[in-house]
Amino acid sequence: MTWQEHYATDFQQVFGTPLLNLVRGEGSIVTDDEGNDYLDLLGGIAVTCLGHNHPALVDAVTTQLRTLGHVSNFFTTPPQLALAEKLASYLPGAKAFFANSGTEANEAALKLARKHRPGGGFVALSGCFHGRTMGTLSVTHKEAYRTPFAPLIEPVVFVEPEDVDALRAAVTEQTAAVILEPIQGERGVVALSDSYLRAAREITQGAGALLIVDEIQSGMGRTGSFFAHTSAGITPDIVTLAKSLGGGFPIGAMLAVGATGDVFAGGDHGTTFGGNPVACAAALAVLDVIEEEGLIANNAEVGAAWARELAELDGVAEVRGSGLLLGVAVADAATLHKELLAEGFITNAPNPETLRLAPSYLITDEQRAAFTAALRELLERRRR
Ligand SMILES: Cc1ncc(COP(=O)(O)O)c(C=O)c1O
């Protein structure tokens, strides 16, 4: 039996047939079951920020697993305490709730907002993606994801990004929270402007609603600052994290700032695995490497140079995003993504007009150049 037949038989078909059966990874290279190497420009969708098999991450996880693997939230542990403190150094005044994924971090944020304003509704943006649980799906825009699961949590209003008047009209004293991504990944890596983020802060504050900033994809330094919303000079009530936080080890976090951090009381929310010491040790190791190696400033510099190079290619309409979260605007991105894969490059196409790049922060100049050359060649081939 081939692995494709095995997959078709033994798995629920939510993901379609996987593109490859991957067996190994080292740095930005992954290897399939036939020994073919691929340059990983997607990083497990913005997750493996230190690449594959990074020694600091492997050491932290194995050492912690040997020391104390799991205890539940009846107890705390040194890595859990240290991680909460570390995250508060990036978001002063924040108190942590740890989860295992992005959707769980957002789910916790939505619950907190409902508790803060009982019965309150939510406002989210067109094109947004916040997760697949019933709560986070309710504030996710794509109809195809939502329709089979109606009725979802209500009331939820979607407004067009950058339309401040629409946001002002949608947010009332019955709104529990506005939730937004500073860079909308699924929409095609489209950043919100600083002025829109500031307006969202001012409007939510005026209505007594919470502002939840979903930094699950954009956070942890990927875009050239620890959080993508920092350039707007705002402080959200809640910031959610996951993906790169654990560098490939599952962990999510819901950070609530100031009084928002005291909204949940005993028993309001919970998790068996969230805040697991191994996951927290992984996140601490990731953040240490990011800090020690100056990777955030490096992402800003390298990402800007790469975006300029890619934008110059014939066939690329524009390059959106910043740092190492880039959306390359091309025609028929889905076909290009498959052609790139056949050439040994892993990307993805969040929509028909965008190739998304979210590689390891440690991707080398040569690796970036190899991708740029391959993309140039494929785009040229299209014109022949
Ligand atoms: C912005 C954003 N929020 C939430 C999620 C959901 O995270 P997870 O897939 O870990 O549940 C994602 C995942 O792609 C995301 O990009």
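Helices (H or I, at least four residues) and strands (E, at least two) are DSSP runs, numbered from the N terminus. The structure is a predicted model, in which local features need pLDDT of at least 70 and side-chain atom pairs count only at pLDDT 80 or more, while totals for chains, interfaces and linings use all residues. Residues are numbered from 1 along each chain as its sequence is written, and side-chain values use heavy atoms, with hydrogens and water left out.

The bond from Glu 154 to Pro 155 is cis, with omega near -10 degrees; the bond from Ala 150 to Pro 151 is cis with omega near 0 degrees.

The protein chain is divided into domain 1 (3–53 + 294–383) and domain 2 (55–292), with bounds that come from an automatic or database domain assignment. The C-alpha centres of the two domains are 25 Å apart. Their contact (heavy atoms within 4.5 Å) takes 27 residues from domain 1 and 28 residues from domain 2.

A pocket is an open set of points with protein on both sides within 12 Å along at least five of seven lines, whereas a cavity is a set of points where a 1.4 Å probe fits but cannot get out; lining residues have an atom within 4 Å of a point. Grid points are joined across faces, edges and corners, and a volume is the space filled by probe spheres set on the points.

The largest pocket holds about 1900 Å³ of space. It is lined by 50 residues, of which Phe 15, Leu 42, Gly 44, Ile 45 and Lys 243 are the closest to its centre. Because domain 1 and domain 2 both give residues to the lining, the largest pocket lies between them. At least two lining residues come from each of helix H2 (43–46), helix H5 (102–116), helix H12 (333–342) and strand E16 (348–351), and H12 gives the most, with four residues. The lining divides into 23 nonpolar, 18 polar and nine charged residues, where Ala, Val, Leu, Ile, Met, Phe, Trp, Tyr, Cys and Pro count as nonpolar, Asp, Glu, Lys and Arg as charged, and the others, Gly among them, as polar.

The second largest pocket has a volume of about 260 Å³. Among its 15 lining residues, Ala 96, Phe 97, Gly 261, Phe 264 and Ala 265 are the closest to the centre. Strand E4 (94–99) and strand E12 (252–257) are the elements that give two or more residues to this lining, and E4 gives the most, with three. By class, the lining of the second largest pocket has seven nonpolar, six polar and two charged residues.

One cavity of 30 Å³ or more is counted. The largest cavity has a volume of about 50 Å³; of the 14 residues that line it, Val 71, Ser 72, Gln 80, Gly 275 and Asn 276 are the closest to its centre. This lining has four nonpolar, ten polar and no charged residues.

Individual residues were classed by relative accessible area (buried under 20%, exposed over 50%, partly exposed in between; 1.4 Å probe, protein chains only). Asn 106, in helix H5, has 0% relative accessibility and therefore counts as buried. Its side chain makes a polar contact of 2.7 Å with the side chain of Thr 240. A polar contact is a pair of N or O atoms within 3.5 Å; within protein, one must be able to donate a hydrogen and the other to accept it, and residues adjacent in sequence count only if both atoms are side-chain atoms. Leaving aside neighbours within four places in sequence, the contacts of Asn 106 include His 130, Thr 136 and Asp 214.

Gln 217 sits in the loop between strand E10 (210–214) and strand E11 (238–241) and counts as buried at 13% relative accessibility. The side chains of Gln 217 and Arg 356 are joined by a polar contact of 2.9 Å.

Phe 273, in the loop between E12 and helix H10 (277–292), counts as exposed at 52% relative accessibility.
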